[in-house]
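Thank you for making time this morning.

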Amino acid sequence: MDSLFREVGLHASLGRTIEQIGGDRFWKQLILLLHQWLPFDNALATFYPADGAPQPLEEYDAEPQAGGAAMASYLDGLYLLDPFYQACREGLASGFYRLEEIAPDQFRQSEYYLSYFHDNVLEDEVQFIAQLPGQGSLSLSLGMRRRFSAEECGTLGLVSGWVLALMQQHWQQRNRAPAAPRHDEVASQVRDALSQFGAGVLSERELEIARLILRGYSSKAMAERLAISPETVKVHRRHLYAKLDISSQPELFSLFIQALGHDPENP
């Protein structure tokens with residue numbers, strides 16, 4: 001009987017979600033529907049424009065916390081280190097993805113993960129990605145305080161077909177151009193932050209290595225991506241650390257934050 005009532009509730013929630021397509025409550029209703037399928041700790045619906053900073057559409061926290069400062073930091077430039085954002089910019093196809101499928105091999109050892117992701121997105125993340133040709137992409141992120149199990153990912157993968165269809169239908173029915181970023185000057189400042197970081201000090205190859213370190217790539221993964229040897233990667237890493245007068249990834253991350261205008265010594 002409990003199973004029957006659950007099925008009835010799910011179908012009723014799906015109906016309410018469909019009714020909200022094109023409306024202001026669509027994202028909230030879709031998140032609540034998915035939460036009935038599988039309880040998670042937080043969710044974030046985001047539009048990644050083809051050019052510019054991400055635009056949050058709806059936030060959800062099972063246990064609300066004061067997360068405004070964290071979101072501001074993300075929108076002010078930390079999104080450039082987000083593996084899902086980077087994957088979308090590199091042409092990731094529409095679908096349902098786990099963090100492990102998208103993130104660099106040492107992402108969980110990166111300073112971005114340790115200093116930001118783990119405290120705000122939590123332990124694990126999955127995303128529904130819907131590509132919008134010529135516009136950008138839609139993302140619906142679900143965060144969990146523990147790892148998503150294979151069974152849970154299987155459940156979400158099973159419903160991903162209609163979730164993605166609803167996301168795309170909603171966007172089309174809204175029939176509006178993407179809103180301009182709220183902080184045009186800031187968006188312009190950070191848009192190419194990874195491209196400009198270390199410019200004038202580091203060589204082009206050292207800049208590439210620095211960007212990949214910040215995003216959580218190991219020396220082996222960087223070597224494969226850049227078609228050079230791991231030993232060469234390590235040489236470039238030593239040189240860029242010496243030029244920047246640093247000795248660790250946390251110091252490199254700190255310099256990146258300062259380049260975005262967020263001095264950790266003067267928040």
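In the hairpin formed by E1 and E2, where 5 residues sit between the strands, Gly52 takes a positive phi near 120°. Before I go on, please keep in mind that this is a predicted model, in which local features need pLDDT of at least 70 and side-chain atom pairs count only at pLDDT 80 or more, while totals for chains, interfaces and linings use all residues. Residues are numbered from 1 along each chain as its sequence is written, and side-chain values use heavy atoms, with hydrogens and water left out.

When I speak of helices (H or I, at least four residues) and strands (E, at least two), I mean DSSP runs numbered from the N terminus, and the protein chain has 13 helices and 5 strands. Two strands pair if DSSP finds at least two bridges between them. E1, residues 42-49, is joined to E2, residues 55-61, by 6 bridges, and these two strands run antiparallel; Asn42 has Asp61 in E2 as its bridge partner.

E1 is also joined to E5, residues 136-144, by 8 bridges, again antiparallel. Within E5, Ser141 is the bridge partner of Leu44, and Leu138 is the bridge partner of Phe47. E5 in turn pairs with E4, residues 124-132, in the antiparallel sense over 9 bridges, with Gly136 as the partner of Leu132. The hairpin of E4 and E5 has 3 residues between the strands, and Gly134 in that turn has a positive phi of about 80°.

How many residues of E1 are buried? By buried I mean under 20% relative accessible area, with exposed over 50% and partly exposed in between, using a 1.4 Å probe and protein chains only. The count is 8 of the 8 residues, so E1 is largely enclosed by the rest of the structure. Asn42, Leu44, Thr46 and Tyr48 point one way from E1, whereas Ala43, Ala45, Phe47 and Pro49 point the other way. For E5, 9 of the 9 residues are buried, so that strand too is largely enclosed by the rest of the structure.

Let me finish with the cores, each a set of buried Ala, Val, Leu, Ile, Met, Phe, Trp, Tyr and Cys residues joined through side-chain atoms within 4.5 Å. The largest nonpolar core has 49 residues, and Tyr74, Leu78, Tyr112, Leu240 and Leu252 have the most contacts inside it. Helix H10, residues 204-215, gives this core its largest share, 6 residues. Apart from it lies another core of 30 residues, including Leu38, Ala45, Phe47 and Tyr60.
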